[in-house]
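This briefing is meant for a reader who is meeting the structure for the first time. Look over the sequence and the model below, then read on by topic.

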Amino acid sequence: MMLAEHAAGFVAAAEKNPNPLLPDAAEMIFGTIAFLIVLFVLGKMLIPRIQQTLAERTDAIEGGIKRAEEAQDEAQRVLEQYKEQLAEARHEAARLREEAREQGAQIIAEMREQAQTEAQRVIDQAHAQIEADRQQAFTRLRTEIGELAVDLASRIVGESLEDEARRRGTVDRFLDQLEDRARAEA
Amino acid sequence: MSAPHILAKDFEAPGLGLFQWKPLFHIGPFAVAKPIVLCALVMIIVIAFFWAAFAKPKLVPRGWQNVGEVAYMFVRDEIGRPFLGKDSEKWMRLLIPVFFFVWLGNLMSVVPVAQFPVNSRIAFPLVLAVLIYLTFWVVGIKNQGFFGLLKNATMPPDLPWALYIIVIPIEFVSTFFIRPFTHAVRLFANMFAGHLLIALFATVGFHFLWEKVTPLGFGVGVLGAVLTIVMTAFELFIQAVQAYVFTLLAAFYISAGLYSDH
């Protein structure tokens, strides 16, 4: 007993042979009260709080994972969409290029045709003009030659060819003869 | 006279008196001695710790909440869930107070100045065991009915009928009468014996190294001092194990009340 007395100072062997298996009434009552207080404060107040927090944390983590998955899905979807759009745009561009090339070729062909037509027209016009000019020159020449010839003939013959119709006939005949001769020479 | 007798002539081993305390004061007819004071201290520490940890729990834990969560999850995963499965959340409200009330009561054995395991006084384990025994009855009758509880507890299925003659009385007495006592006495006896052992070695060390130093007794004193330290370390382990076992059995008894398939 000495050590215990030294250590604690207030130990007492109240009974000579105490039975340690007999519960003390005060201890039972106080033990019950103390435990019930602990049970109340922890069980009714504190543990429900931490359980709720743990549940919320689980939710938050699961929610976070779910949100991340959703975001990834969304990103994947958008990427697919972009790729699709890009492919479409490339296709469209190729189509436009092809179309433009065709159109260009067509335009060139059209222009060429048009130019040829125009050239032909100009040539034809020129030919007609030349023909007309030649005709005109020929007619005038014929007239002048006729007059000159008549003038010359009247001077030589000294007679005035008064009858216009006869005169014209003579000149024409003469000229036809000239023409025939020229053709024959050619 | 032989040497040991001479050596230990004046040595008096600590006895049962180690567990008898002078009343410090009285509340009505009840004498309040050191065990009750320590019990109150345990109550205050348990409440203070869990208040610090869980009063305002955060989604991202800090400080005491981390420690509290480790404590909570230990009891939940090691004791609650194996026995009570999906019902464990609800019963954690009982198991956490039981575990920490018992463990801290045990721990008082090695706390300087306190140095007395609260649960080496049979009254404290007994009231806990009785509370759990009553809980077993309440949930048992609620979930299985009175006769269902009797039948499920005393008649394990698939036994040859002749065996029931032996099994039924054994199971009946063991489940409904012996259980609360074994539950309480297991804890009490461990703490009682542990305290007695530490006190014995400490007394040996003190007696032979301080009170009565002799050349022959010196070695014995050193051995006593060393063993005091070793036993204290061992007691730390036993205290935790006994708190664990006490709570485990509580969970098991409650599960026996909740579920019939045992």
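A:Lys66 and A:Glu70 both belong to helix α2 of chain A, where they sit 4 residues apart, about one turn of the helix. Their side chains meet in a salt bridge, with 3.5 Å from N to O. The model is a predicted one.

**Salt bridges in chain A**

- Over all chains, the structure holds 16 salt bridges.
- In the pair described above, A:Lys66 is exposed at a relative accessible area of 52%, while A:Glu70 is partly exposed at 44%.
- A second pair in helix α2 of chain A is A:Arg134 and A:Glu131, which lie 3 residues apart, about one turn of the helix. Their side chains form a salt bridge of 3.2 Å, N to O. A:Glu131 is partly exposed, with 39% relative accessibility.
- Helix α3 of chain A, residues 164-185, holds A:Arg183 and A:Glu179, 4 residues apart and again about one turn of the helix. They form a salt bridge in which the closest N and O atoms are 3.4 Å apart.
- A:Arg183 is exposed, with a relative accessible area of 56%, whereas A:Glu179 is partly exposed at 24%.
- A:Arg183 and A:Glu179 are also part of a network of salt bridges that links them with A:Arg142, A:Asp176 and A:Asp180.
- An α-helix has 3.6 residues a turn, so residues three or four places apart point the same way.

**Where chain B meets chain A**

- On chain B, 56 residues are in contact with 47 residues of chain A.
- The two chains bury about 4700 Å² between them, and 77% of this is on carbon and sulfur atoms. In chain B, the residues that lose the most area to chain A are B:Gln20, B:Leu59 and B:Arg93, which together make up 14% of what that side buries.
- Between chain B and chain A there are 2 salt bridges. B:Glu69 forms a salt bridge with A:Arg57, and the closest N and O atoms are 2.7 Å apart.
- On the chain B side, the elements that give two or more residues are β2 (30-32), α2 (34-54), α3 (64-84), α4 (88-107), α5 and α7. Helix α2 of chain B gives the most, with 11 residues.
- By class, the side of chain B that touches chain A has 41 nonpolar, 4 polar and 11 charged residues.

**Nonpolar cores**

- The largest nonpolar core has 69 residues, and those touching the most other members are A:Leu42, B:Phe50, B:Ile96, B:Phe100 and B:Phe101.
- This core draws two or more residues from α2 (25-157) of chain A and from each of α2, α3, α4, α5, α7 and α8 of chain B.
- Leaving aside neighbours within four places in sequence, B:Phe101 has contacts in both chains, among them A:Phe35 and A:Val38 in chain A and B:Cys39, B:Met43 and B:Leu128 in chain B.
- A second, separate core of 8 residues includes B:Tyr133, B:Leu149, B:Leu150 and B:Ala153.

- Helix α6 of chain B covers residues 146-154, and its buried residues are B:Gly148, B:Leu149, B:Leu150, B:Ala153 and B:Thr154.
- What covers these buried residues includes α5 (123-144), α7 (161-211) and α8 (215-258) of chain B.
- B:Thr175 lies in helix α7 of chain B and is buried, with 3% relative accessibility. Leaving aside neighbours within four places in sequence, B:Thr175 is in contact with B:Tyr133, B:Phe136 and B:Ala153.

**Positive phi in two loops of chain B**

- Most residues other than glycine have a negative phi.
- B:Gln115 has a positive phi, near 45 degrees. B:Gln115 is placed in the loop between α4 and α5 of chain B and is partly exposed, at 42% relative accessibility.
- B:Asp158 is not a glycine either, and its phi is positive at about 60 degrees. B:Asp158 lies in the loop between α6 and α7 of chain B and is exposed, with 79% relative accessibility.

How values were computed
Residues are numbered from 1 along each chain as its sequence is written. Chains are lettered from A and ligands numbered from 1 in the order in which they are written. This is a predicted model: local features need pLDDT of at least 70, side-chain atom pairs count only at pLDDT 80 or more; totals for chains, interfaces and linings use all residues. Side-chain values use heavy atoms; hydrogens and water are left out. Buried means under 20% relative accessible area, exposed over 50%, partly exposed in between (1.4 Å probe, protein chains only). Contact means heavy atoms within 4.5 Å. Buried area is the accessible area (1.4 Å probe) that two parts lose on being put together, summed over both. A salt bridge is a side-chain nitrogen of Lys or Arg within 4 Å of a carboxyl oxygen of Asp or Glu. Ala, Val, Leu, Ile, Met, Phe, Trp, Tyr, Cys and Pro count as nonpolar, Asp, Glu, Lys and Arg as charged, and the others, Gly among them, as polar. A nonpolar core is a set of buried Ala, Val, Leu, Ile, Met, Phe, Trp, Tyr and Cys residues joined through side-chain atoms within 4.5 Å.
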